[in-house]
There are 2 protein chains.
Amino acid sequence: MSIATENFVKVIYQFDQNQGLDTKPGTIAKALGITNAAATDMAKKLALKELVKFQKYQPLQLTENGRKMALSVIRRHRLWETFLYRTLNLSLHEIHREAELLEHLTSDFLTERLSVFLGSPDVDPHGDPIPDINGRINSDTGQFTLLSAKAGSVYKIVRLSGSDSEFFEFCEENDIAVGVHLKVEKQYTGNEMTLVVINDQKLLLNASLTTRIFVEQVPNLKTEL
Amino acid sequence: MSIATENFVKVIYQFDQNQGLDTKPGTIAKALGITNAAATDMAKKLALKELVKFQKYQPLQLTENGRKMALSVIRRHRLWETFLYRTLNLSLHEIHREAELLEHLTSDFLTERLSVFLGSPDVDPHGDPIPDINGRINSDTGQFTLLSAKAGSVYKIVRLSGSDSEFFEFCEENDIAVGVHLKVEKQYTGNEMTLVVINDQKLLLNASLTTRIFVEQVPNLKTEL
DNA sequence: TTATAAATTTAAGTAAGCTTAAAATAATTA
DNA sequence: TAATTATTTTAAGCTTACTTAAATTTATAA
């Protein structure tokens, strides 16, 4: 399939997952940098190929084949990210940018060789789950965002969700990384600010950050940091 | 530039180098798996972009910009080949097949990171020279094919030229590899057969093989094997 | 040298993946 | 609820990269 098609189904899949985002043509169009008209046009063409379900004025939905294609692209993307991070030491935002291209011209053969080389990883360097060869993906239930974390508890960062370099640069500069522990000091629910402590440093984070930092409960009695 | 354009100038460059092959539209078309009409069409379009010089019924020629583009694609191709061979242990024909795709969606940034990681190699695993970032390529004068090697002498294999798996499989099965020494036992010039000895094994090679195996004189007094 | 074959070019047409502009529908606000 | 605004869809058109078929030119062989 073409690069345009792969990106189209990939974005529908991702917006469908991220609750809060809809999958209407305009939303997909904005994400892909094309016009609404082009998105509607594409949706109709992909409906003929049984990748997308299209009903006028309704959100776009993937068929089973469309879902499989999206997960295949995401698998290739995240395996490349892992490879580029571990082997070529690219940064978190560099790996995304490069994988965004490589994902489209990687054969099934190479994909599986990459996977074996890396030891069949479950997650990429951002903590995003890597679908397996059959399109099964680990939808981790134990994780939630910092925004909904309880004040007074210690958590482990398991995922940094995004694709822009600013976010990742900010994280890097402030010791926010997958695997790091932090304590939620206070939740200012009124204006959605969160005060956390990482490595003895206080950070006041707004919602545009806390909704993208996923954490996990730390197993037991580990309340001090 | 598009993948089609990159492949077009790449093939012109390669056929122009390999003396014996012409660069008329039909030849290029066959190599790319498109019709003659499509090749003529493409040549005209690329002439407008100042990548190709087009004169009716004449062989196609690259402009300086076209040459630069071709060398850039070849650089990416051969760096990927080197990487896939060394790091993922793919075979000589597998690396070609995969690099044929990856070469088109590799940013300048990643290309240079790959190069640095590999220690700025001069040649890829087939012995083909890797153009540098400015498009300069090592046109090694000291090498020639087995077809024109003198009987009785010992040579070192420096390059295996080709892209089909059959050739590389044959080489692998018969200890024909870059860096290996061999002795030319006899040249049957009449029917272009060459008798060589590699690792105490005699091999009778025809011209379709000897024209693709490049060797180099072994420095001095090393006539025994 | 001329007839024939082969290659090249031109012309017309197609599919993918877009665009802009206008029409239709849905959502929002007064 | 009606009017306005925003979104979606349709329609027409463009570029890229092809195709087939016919016309032209070049190369080959009798």
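A residue is called buried when its relative accessible area is under 20%, and exposed when that area is over 50%. This wording is used throughout the report, which describes a predicted model.

**Two residues judged by this definition**

B:Gln187 sits in strand β5 of chain B, which runs over residues 181-188. Because its relative accessibility is 18%, B:Gln187 counts as buried. A polar atom of the B:Gln187 side chain lies 2.7 Å from the backbone oxygen of B:Ala149. Leaving aside residues up to four places away in sequence, B:Gln187 touches B:Leu146, B:Leu147, B:Ala149, B:Ala151, B:Met193 and B:Thr194.

A second example comes from chain A, where A:Thr210 belongs to helix α8, residues 207-210. With a relative accessible area of 0%, A:Thr210 is buried too. Its contacts, again without residues up to four places away in sequence, are A:Thr145, A:Leu146, A:Leu147, A:Thr194 and A:Leu205. A:Phe167 is 43 residues from A:Thr210 in sequence, while the two C-alpha atoms are 11 Å apart in space.

**Domains and the relation between the chains**

In the domain assignment, chain A is divided into domain 1, residues 3-62, and domain 2, residues 143-217. The centres of these two domains of chain A, taken over C-alpha atoms, are separated by 31 Å.

**A helix with a buried face**

Helix α6 of chain B covers residues 108-118, and within it B:Leu110, B:Thr111, B:Leu114, B:Ser115 and B:Leu118 are buried. Looking down the axis of α6(B), one finds these buried residues within an arc of 140°, so they line one face of the helix.

After α6(B) comes B:Gly119, which has a positive phi near 80°.

**The surface around DNA strand D**

There are 21 residues around DNA strand D, and those that come nearest are A:Lys44, A:Tyr57, B:Ser2, B:Thr35 and B:Tyr57. Of the atoms of DNA strand D within 4 Å of the protein, 76% belong to sugar or phosphate, and the rest belong to bases.

| Residue | Protein atom | Distance to a phosphate oxygen of DNA strand D |
|---|---|---|
| A:Gly26 | backbone N or O | 3.0 Å |
| A:Thr40 | side-chain N or O | 2.9 Å |
| A:Tyr57 | backbone N or O | 2.4 Å |

The elements that give two or more residues to the surface near DNA strand D are α2 (25-32) and α3 (36-48) of chain A, together with α1 (3-17) and α3 (36-48) of chain B. Among the contributors to this surface, α3(B) provides the largest share, with 5 residues.

Methods:
Residues are numbered from 1 along each chain as its sequence is written. Chains are lettered from A and ligands numbered from 1 in the order in which they are written. This is a predicted model: local features need pLDDT of at least 70, side-chain atom pairs count only at pLDDT 80 or more; totals for chains, interfaces and linings use all residues. Side-chain values use heavy atoms; hydrogens and water are left out. Helices (H or I, at least four residues) and strands (E, at least two) are DSSP runs, numbered from the N terminus. Buried means under 20% relative accessible area, exposed over 50%, partly exposed in between (1.4 Å probe, protein chains only). A polar contact is a pair of N or O atoms within 3.5 Å; within protein, one must be able to donate a hydrogen and the other to accept it, and residues adjacent in sequence count only if both atoms are side-chain atoms. Contact means heavy atoms within 4.5 Å. Domain bounds come from an automatic or database domain assignment. The arc is that of the directions from the helix axis to the C-beta atoms. A residue is near a molecule or strand if one of its heavy atoms lies within 4 Å of it.
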